[in-house]
Amino acid sequence: MATIQDIKNARAGQLKLIDIRKKPDERQIPGSMRADGEVLENTDELPFGKDEHVVLYCGSGNSCSRIAQTLRDKGYANAEALEGGYTAWTEAGLPTEPRK
């Protein structure tokens, strides 16, 4: 499980941050990309490689934890969930950007 501090301390290009919220608002954690969590679970064509460090986030950390585990089971050893999800990020007063 990745923490907010892990995300804040990551160097540019060190990880891919993926927003899998089912009902996202118009904002996102800076630098993240949008993906459907169910699609990530059920396809072999993913927007990242098995060797890449990927951090998924949902609203609270529950769905992304399950999906990250599924990805690890498929061989994506560096797939993690953001502890507390988007809610923890915004409650910590950290910046967001318009969703792309």
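Isoleucine 18 has leucine 56 as its bridge partner in S4. That pair is a handy way into this predicted model, where local features need pLDDT of at least 70, side-chain atom pairs count only at pLDDT 80 or more, and totals for chains, interfaces and linings use all residues. Residues are numbered from 1 along each chain as its sequence is written, and side-chain values use heavy atoms, with hydrogens and water left out. Helices (H or I, at least four residues) and strands (E, at least two) are DSSP runs, numbered from the N terminus.

**The sheet**

Let's start with the strands. An open sheet is built from 4 strands in the order S3-S1-S4-S5, with parallel pairing; two strands count as paired if DSSP finds at least two bridges between them. S3 (33-34) and S5 sit at the edges, each pairing on one side only. Here is how the pairs look, with one residue pair for each.

| Strand pair | Bridges | Example residue pair |
|---|---|---|
| S1 and S3 | 2 bridges, parallel | aspartate 19 and arginine 34 |
| S1 and S4 | 4 bridges, parallel | lysine 16 and valine 54 |
| S4 and S5 | 3 bridges, parallel | valine 55 and glutamate 80 |

S4 has side chains going both ways: Val54 and Leu56 point to one side, Val55 and Tyr57 to the other, and all are buried. Buried here is under 20% relative accessible area, exposed is over 50%, and partly exposed is in between (1.4 Å probe, protein chains only).

**Helix H3 over the sheet**

Which strands does H3 lie across? H3 lies across S4 and S5, and runs at about 170 degrees to S5. Axes are lines fitted to C-alpha atoms, for helices over the stretch in contact, and angles run from 0 to 180 degrees between N-to-C directions. Contact itself means heavy atoms within 4.5 Å.

The length of H3 checks out too: at 1.5 Å a residue its 12 residues should span 16 Å, and the end C-alpha atoms are 17 Å apart, which agrees. The expected span is 1.5 Å times one less than the number of residues.

Cys64, Ile67, Ala68 and Leu71 are the buried residues of H3. Looking down the axis of H3, they fall within an arc of 105 degrees, so they line one face of the helix; the arc is that of the directions from the helix axis to the C-beta atoms. These buried residues pack against H2, S4 and S5. On the other side of H3, Asn62 and Asp73 are exposed. After H3 comes glycine 75, with a positive phi near 105 degrees.

**Two nonpolar cores**

A nonpolar core is a set of buried Ala, Val, Leu, Ile, Met, Phe, Trp, Tyr and Cys residues joined through side-chain atoms within 4.5 Å. The largest one has 16 residues, and Ile18, Ile20, Leu40, Phe48, Leu56 and Leu71 have the most contacts inside it. Strand S4 (54-57), helix H3 (62-73) and strand S5 (79-81) are the elements that give two or more residues to this core. H3 provides the largest share, 4 residues. There is also a second, separate core of 11 residues, including Ile4, Leu17, Ile29 and Val55. In soluble globular proteins, nonpolar side chains tend to be buried together.

Back to isoleucine 18: not counting residues up to four places away in sequence, isoleucine 18 touches Met33, Ala35, Leu40, Phe48, Val54, Val55, Leu56 and Tyr57.

Isoleucine 4, from the second core, lies in helix H1 (residues 4-9). With a relative accessible area of 18%, isoleucine 4 is buried. Leaving aside neighbours within four places in sequence, isoleucine 4 is in contact with Leu82, Ala88, Trp89, Ala92 and Leu94. From isoleucine 4 to arginine 72 there are 68 residues in sequence and 20 Å in space, C-alpha to C-alpha.

Is glutamate 41 buried or exposed? Glutamate 41, in helix H2 (residues 37-42), counts as buried because its relative accessibility is 16%.

Aspartate 36 lies in the loop between S3 and H2. At 44% relative accessibility, aspartate 36 counts as partly exposed. Aspartate 36 and arginine 21 are 15 residues apart in sequence, and their C-alpha atoms are 7.7 Å apart in space.
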